Amino acid sequence: MGDVLLEVKGLHVHFVNKNNRIPAIEGVDFKIREGETLGIVGESGCGKSITSMSILKLLPPEAEIVDGDIYFKGSDLTELSKRQLTKIRGNAISMIFQEPMTSLNPVYTIGNQISEALRYHYGLSKKQSKKRVIEMLKLVGIPAPEKRFYEYPHELSGGMRQRIMIAMALICNPDLLIADEPTTALDVTIQAQILELMKSLKNDFNTSIIMISHDLGVIAEMTDNVLVMYGGMVVENCDVKTLFENPLHPYTKGLLNSLPKVDERKEELNTIDGAVPSLSKMPAGCKFWPRCPYAMEICKTTRPDMFEKDNHKVRCFLYDDRTKGEM
Ligand SMILES: Nc1ncnc2c1ncn2[C@@H]1O[C@H](COP(=O)(O)OP(=O)(O)OP(=O)(O)O)[C@@H](O)[C@H]1O
Ligand SMILES: [Mg+2]
């Protein structure tokens, strides 16, 4: 794999309203290399979307990046002006959002929306950009692209809209594609087709991808390295094979346990007891301790550091030489 393309260091994001501020992301670090696919996994509310939205500052208005650096090809994105970021958005870095309908504009035709980026970033003429857009629509598997070019988002099915989003994200040949649950809303067959499409684009263009999903099957199939998030923090980070063969964090083990096994015909899946706490009710110490079968006294009061061995990082006292004997 190539050089480091993006590095996020010590990212902290707060939600701020009139009387208080609530931490949502607390010290997230990760790197992604050229051509690498990085998975981000975790239950709903763990901070996957807020982390990825921070990269391009596409956060909800009440969210604020309070600390951290985001280096992309050597420059710190957190320091860039709105204008400078607009040049990167959709061009060097593009994003596919969780809800395709909210990011497509209902009043413009498909063709108009996709060509806009080309005209803005590359100054192509109407005719030139139309040609490129039709090629791209073909590439993402849209039948009759010449006709679709003149249609509006509501005239398309969910699967077709998601393909449009992908076409829009890829039209300027980005270095980094951030895909937030790109297939969750789609049925299984279309989901498989879209994932195949993303794989072939990665192979053809060496695009780096951040693939956000709560679906471990998608993570296993698509990614090289994985971040497991819980309560706005990274709790485990390693390559995908190690994650599935030797998960360390009790949370990761719980997630893997809830996967259906091919050889077992169980009525019910195992799930992790309890639920992700809301941001204002995060426990002291390790955020996972109330749900953790291995919780020790120290876990209730002290936040664990990230421990690292052989490129495998885990935020858990079970792996701290000073405390692991307490078990
Ligand atoms: N606009 C907002 N105002 C206040 N809190 C928010 C807002 N958006 C998200 N949050 C909170 O921030 C936390 C992280 O949310 P985020 O959307 O990043 O989760 P996620 O991991 O992407 O979940 P999902 O799998 O459901 O998409 C959650 O506790 C969520 O409730
Ligand atoms: Mg999300």
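## Pro106 and its surroundings

Leaving aside its neighbours within four places in sequence, Pro106 is in contact with Tyr152 and Pro153, where contact means heavy atoms within 4.5 Å. Pro106 and Tyr152 stand 46 residues apart in sequence, yet their C-alpha atoms are 6.5 Å apart in space. Pro106 sits in the loop between helix 3 (100-103) and helix 4; helices (H or I, at least four residues) and strands (E, at least two) are DSSP runs, numbered from the N terminus. With a relative accessible area of 51%, Pro106 is exposed, on a scale where buried means under 20% relative accessible area, exposed over 50%, and partly exposed in between (1.4 Å probe, protein chains only).

The model is a predicted one, in which local features need pLDDT of at least 70 and side-chain atom pairs count only at pLDDT 80 or more, while totals for chains, interfaces and linings use all residues. Residues are numbered from 1 along each chain as its sequence is written, chains are lettered from A and ligands numbered from 1 in the order in which they are written, and side-chain values use heavy atoms, with hydrogens and water left out.

The domain assignment of the chain gives domain 1 (4-92 + 174-326) and domain 2 (96-173), with bounds that come from an automatic or database domain assignment. The centres of the two domains, taken over C-alpha atoms, are separated by 29 Å, and 24 residues of domain 1 are in contact with 17 residues of domain 2.

The largest pocket lies between domain 1 and domain 2, because both give residues to its lining. On a 1 Å grid over the protein atoms alone, a pocket is an open set of points with protein on both sides within 12 Å along at least five of seven lines, a cavity is a set of points where a 1.4 Å probe fits but cannot get out, and lining residues have an atom within 4 Å of a point. The volume of the largest pocket is about 670 Å³, a volume being the space filled by probe spheres set on the points, with grid points joined across faces, edges and corners. Of its 20 lining residues, Arg89, Gly90, Glu116, Ala117 and Met168 are the closest to the centre. Strand 6 (93-96), helix 4 (110-122) and helix 7 (158-170) are the elements that give two or more residues to this lining, and helix 4 gives the most, with five. By class, the lining of the largest pocket divides into 11 nonpolar, seven polar and two charged residues; Ala, Val, Leu, Ile, Met, Phe, Trp, Tyr, Cys and Pro count as nonpolar, Asp, Glu, Lys and Arg as charged, and the others, Gly among them, as polar.

## The second largest pocket and Asn311

The second largest pocket holds about 490 Å³ of space. Among its 19 lining residues, Lys31, Asn225, Asn237, Asn311 and Lys313 lie nearest its centre, and the lining as a whole has four nonpolar, five polar and 10 charged residues. Strand 2 supplies the largest share, four residues.

Asn311 belongs to the loop between strand 11 (307-309) and strand 12, and its phi is near 60 degrees, a positive value in a residue other than glycine. Asn311 is exposed, with a relative accessible area of 65%.

## Nonpolar cores

In soluble globular proteins, nonpolar side chains tend to be buried together. A nonpolar core is here a set of buried Ala, Val, Leu, Ile, Met, Phe, Trp, Tyr and Cys residues joined through side-chain atoms within 4.5 Å. The largest such core has 58 residues, of which Leu6, Ile93 and Ile210 touch the most other members. Apart from neighbours within four places in sequence, Ile93 is in contact with residues including Ile55, Phe72, Ile88, Pro174 and Ile178. A second, separate core has 35 residues, among them Ile114, Val140, Ala169 and Ala179.

The largest cavity holds about 90 Å³ of space, and of its 14 lining residues Cys286, Cys292, Cys299, Cys316 and Phe317 lie nearest the centre. Its lining has 13 nonpolar, one polar and no charged residues.

The second largest cavity has a volume of about 50 Å³, and Cys286 is also one of its lining residues, as are Tyr230, Lys287 and Arg303. The lining of the second largest cavity divides into six nonpolar, one polar and three charged residues.
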